[in-house]
Amino acid sequence: MSGSGPQPLTGLRVLDFTHVLSGPVCTQILGDLGADVIKVEPPGTGESMRSNPPFYPGGTSHYFIASNRNKRSIALDLKSAPGRDIALELVRKSDVVIENFRPGVMDRLGLGFDDVRAVNDSIVMLSISAYGQDGPWAERPGYDLVTQARSGLLALTGEPDGPPTKLGVPMADIGAGLWGVIAVLAALRSRDAGAAAQHLDLSLLDGSLSLLSYLGQIALLTGETPPRVGTSHHRVVPYGRYPAKDGYVILTLHQPGAWEAFCAAACFDDLAADPRFADAEQRLAHRDELEAELTALLRLRTRAEWDEVLTQAGVPFGPVLDIGEALAQEQVVARGILQTLNHPAAGTVAVIGSPLRVNGERGPASRHPPLLGEHTNEILTDLGLSAEERARLLSEGVVAVAEDGT
């Protein structure tokens, strides 16, 4: 994934009928990897998240910026017969179609799986929805927080004596986007081996249940949901968040020798010699006493002081940072994940780029999140429509172009 050469998915075309977050995350990753992602949006309003504040100068939404780079935009009325015909022509020339409407919406538009495979018998179509394409809940609305609640993720999150709490990021949506990329790449491998058109069915609920990991396995084994433990661990002590002089720090002392290394580096000789804390089982049995001791002792130094002492000793440790502090860390700067884009409305915009590096290089965030209809004429021209035909479609409201006329 060189910053100067072709990207891994160069030559792949993805037709993007997605909105809000799960679908746009999925298609942005494919765009980051070099795919030509064509985002299809309704004329006038565009994708709904274009109107979500706060805004950059020029009225561009932070939300849209965050998950729509490396895409082209065509503003197209899918409810019109000419708009549907253009969409099907785009399907014919695409490798992948991705949508995240409720089940049935694409069928009603004449763009369901049967419709798209009729014009492209090797198409890969991914449908992301709240509950999947079948089952008694298929047509129910559902969003990230609802899915976190129904999957058990909320029940696991929060302090032991507090209420269930949502995750700090919309993990149901983001997780579905990540699963979607995996599914698409696997389906493309099958297509290249001769498979016919494939319809991939991914639900936020299924994806969130998969995130339960070993905690879900505990519930299957015991019949009981593991209790909320905040930032602590069900079986390991010390593990979690502790107060420092100027904030919080994280310790994860679960590896052999980590407890001893921590005590030596922190000069906590009394703790190291205390029989209540002599081994992992004793520390677990005396969790409350040990946590009280650590809370008192760790308050004596700042996060930076603990960082220097414990990092030098090789102790698994991290200060709890806010987002600004996290993005300013020297490791983050050195790795170059923060990238800048020149946006025609918002100006120079910093973004968190792709986390992937290949052979030491990170792919560029080379295309700014598009203006609504910014590439309408370009895409229609690629389909062979003349200037007269494009002008007629524009006058009829079937398509729209960006305000600068491109």
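User: Is N70 buried or exposed?

Analyst: N70 is buried, at a relative accessible area of 5%. Buried stands for under 20% relative accessible area, exposed for over 50% and partly exposed for what lies in between, with a 1.4 Å probe and protein chains only. This is a predicted model, in which local features need pLDDT of at least 70 and side-chain atom pairs count only at pLDDT 80 or more, while totals for chains, interfaces and linings use all residues. Residues are numbered from 1 along each chain as its sequence is written, and side-chain values use heavy atoms, with hydrogens and water left out.

User: Where is N70 found?

Analyst: N70 lies in the loop between α2 (62-66) and β5 (72-76). Helices (H or I, at least four residues) and strands (E, at least two) are DSSP runs, numbered from the N terminus. The phi of N70 is near 55°, a positive value in a residue other than glycine.

User: And what is phi of C267?

Analyst: C267, a residue other than glycine, has a positive phi near 60°. The loop that holds C267 runs between α11 (258-266) and α12 (269-273). C267 counts as exposed, at 55% relative accessibility, whereas N70 is buried.

User: Stepping back, how many helices and strands are in the chain?

Analyst: The chain has 19 helices and 16 strands. Its C-alpha atoms fill a box of roughly 85 × 45 × 40 Å, taken along the principal axes. Of its 406 residues, 46% count as buried.

User: What share of the contacts is between residues 24 or more positions apart?

Analyst: Such residues account for 68% of the contacts in the chain with a separation of 6 or more, where contact means heavy atoms within 4.5 Å.

User: What does the accessible surface come to?

Analyst: The accessible surface of the chain is about 19800 Å², and carbon and sulfur atoms hold 55% of that area. Accessible areas come from the Shrake-Rupley method with a 1.4 Å probe, and for residues only the protein chains shown count as cover.

User: How many positive and negative charges are there?

Analyst: There are 34 positive and 50 negative charges, and their mean positions are 2 Å apart. Lys and Arg count as positive and Asp and Glu as negative, while His and the chain ends are not counted. Each charge is placed at NZ of Lys, CZ of Arg, CG of Asp or CD of Glu.

User: Now the rings. What is the count of aromatic pairs?

Analyst: The count is four aromatic pairs. Rings of Phe, Tyr and Trp (its six-membered ring) pair if their centres lie within 6.5 Å; planes under 30 degrees apart count as stacked, over 60 as edge-to-face and the rest as tilted. The pair of Y131 and W137 is edge-to-face because the ring centres are 5.4 Å apart and the planes stand at 75°. Y131 counts as buried at 11% relative accessibility, whereas W137 is partly exposed, at 30%.

User: How far apart centre to centre are F262 and F268?

Analyst: F262 and F268 are 5.6 Å apart centre to centre, with 75° between the planes, and this aromatic pair is edge-to-face. F262 is buried at a relative accessible area of 0%, and F268 is buried at 8%.

User: Which residues do ring pairs link into a cluster?

Analyst: The cluster consists of W259, F262, F268 and W306, linked by ring pairs. The charged end of R301 sits over the ring of W306, 4.7 Å from the ring centre. The criterion is NZ of Lys or CZ of Arg within 6 Å of the ring centre and within 35 degrees of the ring normal. R50 likewise has its charged end over a ring, that of F64, at 3.9 Å from the centre.

User: Why is helix α1 largely enclosed?

Analyst: Helix α1 (residues 22-32) is largely enclosed by the rest of the structure because 10 of its 11 residues are buried. The buried residues include C26, L30 and D32. G34, with a positive phi near 110°, follows α1.

User: Last topic: which peptide bond into P54 is cis?

Analyst: The peptide bond from P53 to P54 is cis, with omega near 5°, and P54 lies in the loop between β2 (36-41) and β3 (55-56). The bond from V237 to P238 is also cis, with omega near 0°. P238 is found in the loop between α10 (213-222) and β9 (239-244).
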